[in-house]
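Biologist: Could you take me through this structure feature by feature, giving the general idea before the particular case?

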Amino acid sequence: LRLHRVGRLKEWMLYVFVVFDFLLLSYILIVQNPFAIYQFPPQYNLRFGNFIFLFVLISGLAIVGRPKLLILGGVSGFGFWLAGSIWLMTLPDTILFSPPGASPDEVVATILDPKFVDPGLRLQELVVFAVVAGLLSLVAFRSRQQTQRQVILDRARSNLARYFAPETAERLADRDRASLEISQQDAAVLFSDIVGFTKWAEDKPPSEVIAVLREYHGVCSTAVFAHGGTLDKFIGDGMMVTFGTPVPGERDVTQAVLCLKAILAAVDALNSKRVAEGLSAIEIVVGLHYGVVVFGDIGNDQRLELAAVGDAVNIASRLEHLNRNTGTRAIISSDVAEAVKTETGDHAAILEGFEPLDVDTIRGRSGKIRLLGIRSSKADPELGSGDSRQ
């Protein structure tokens, strides 16, 4: 304790102290106490059952939870007690066995002799101590493994919680690694972005830029996880979110639309707070599409990342950009509207606020697609409308 308090306790010292503890205890239990009132032959010290104190010492080591220390303690206790027992048994006046052909009375007299040492009992003590020390070491090892597994599991849950809703993260953490292999599935993909952020940030201090991003990402992440979404990635001042990955649900698209509205409402609330504090408002645009995505790990051995790719991702990204030309805050595709109708049966309430748009083509995609949007609200020019929207 003294070495620990002054900061000089080294790892190797713990092993030295364990050996010394068992050496000291064995010496005290076996060697005659010079201060005792009645002096008995040293062999008589084995009659008091002092061996049980070695179990107390080895049990104390179990609290530390270090298998190596327990093994060292077991070996030390076994070795020192064996050495002490051999020393007592080899003393010139030690009696080990009754005389051959001794009568019962003579056997009893031999056992009661203070100089008598029973080799069988000594062997029994050593065997039991070795078994207990081995079992305690095994328990400590298993407990340490379990603790390490729990730490890894908690770390996995923590890492997953950065991407998935809490319920999804729990389910994934309890699954085998193979459950995250590449898969192709239907999913809703949402992109959002702050309008004019790059131009606004040109002459702003880094601390203010990061503060705005943290506020925006914070309210958006809360809305995403509240609706069971997967936060695929932050892309500068934007983000990509998927619904239905990695575990498909029964109302993925409906939750995606509700999340879109929640994000808009959260940003509106944030703007009210910022304007009250004399800060500029934030204008965002959102695009949402439903279709087939490929989901899984991408990258290499040095770095892996969970990601969703595919045509649905590209279309959602184009819809987000299209808001800048249509004067809308959010655009969803007809695929989203149809999927909501299929999931809920009555999509009117879910899609309330969306209006049909005159635009029916998307850059990079052949054919026509019906789009619905929520009209843009007036925002602070510094982070909103005007040239900053380009």
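This is a predicted model: local features need pLDDT of at least 70, side-chain atom pairs count only at pLDDT 80 or more; totals for chains, interfaces and linings use all residues.

Modeller: Residues are numbered from 1 along each chain as its sequence is written, and side-chain values use heavy atoms, with hydrogens and water left out.

Biologist: How many salt bridges does the count come to?

Modeller: In general, side chains of opposite charge can pair when their charged atoms come close. The rule applied here asks for a side-chain nitrogen of Lys or Arg within 4 Å of a carboxyl oxygen of Asp or Glu, and by it the count comes to 13 salt bridges. One of them joins the side chains of aspartate 193 and arginine 324, with 2.7 Å from N to O. That pair links distant parts of the chain, since aspartate 193 is in strand S1 (residues 183-194) and arginine 324 is in helix H11 (residues 311-326), 131 residues apart. Helices (H or I, at least four residues) and strands (E, at least two) are DSSP runs, numbered from the N terminus.

Biologist: Are aspartate 193 and arginine 324 buried or exposed?

Modeller: The classes rest on relative accessible area, computed with a 1.4 Å probe and protein chains only: buried means under 20%, exposed over 50%, and partly exposed in between. Aspartate 193 counts as buried because its relative accessible area is 13%, and arginine 324 is buried because its value is 16%.

Biologist: Which other residue forms a salt bridge with arginine 324?

Modeller: Glutamate 320 does, with the closest N and O atoms 2.8 Å apart. Glutamate 320 and arginine 324 both lie in helix H11, four residues apart, which is about one turn of the helix, and both are buried.

Biologist: Which residues are linked in a network of salt bridges?

Modeller: Glu215, Lys273, Arg274 and Glu277 are linked in this way. Within that group, glutamate 277 pairs with lysine 273, the closest N and O atoms being 3.3 Å apart. Glutamate 277 is partly exposed because its relative accessibility is 47%, and lysine 273 falls in the partly exposed class because its value is 40%.

Biologist: Which residues form the nonpolar patch on the surface?

Modeller: A patch is made of residues with over 30% relative accessible area and no salt bridge, with like charges joined within 9 Å and nonpolar side chains (Val, Leu, Ile, Met, Phe, Trp, Tyr) within 5 Å. Here Phe20, Leu23, Leu24, Tyr27 and Ile28 form a nonpolar patch, with about 510 Å² of accessible area together; such areas come from the Shrake-Rupley method with a 1.4 Å probe, and for residues only the protein chains shown count as cover. Isoleucine 28 lies in helix H2 (residues 11-30), and it is exposed because its relative accessible area is 54%.

Biologist: Which residues line the largest cavity?

Modeller: On a 1 Å grid over the protein atoms alone, a cavity is a set of points where a 1.4 Å probe fits but cannot get out, and lining residues have an atom within 4 Å of a point. The largest cavity holds about 30 Å³ of space, and its lining consists of Asn45, Leu46, Gly49, Asn50, Phe51, Trp81, Arg122 and Glu125.

Biologist: Where is the cis peptide bond?

Modeller: Most peptide bonds are trans. The bond from threonine 245 to proline 246 is cis, with omega near -5°, and proline 246 is in the loop between strand S3 (238-243) and helix H10 (252-276).

Key:
On a 1 Å grid over the protein atoms alone, a cavity is a set of points where a 1.4 Å probe fits but cannot get out, and a pocket is an open set with protein on both sides within 12 Å along at least five of seven lines; lining residues have an atom within 4 Å of a point. Grid points are joined across faces, edges and corners, and a volume is the space filled by probe spheres set on the points.
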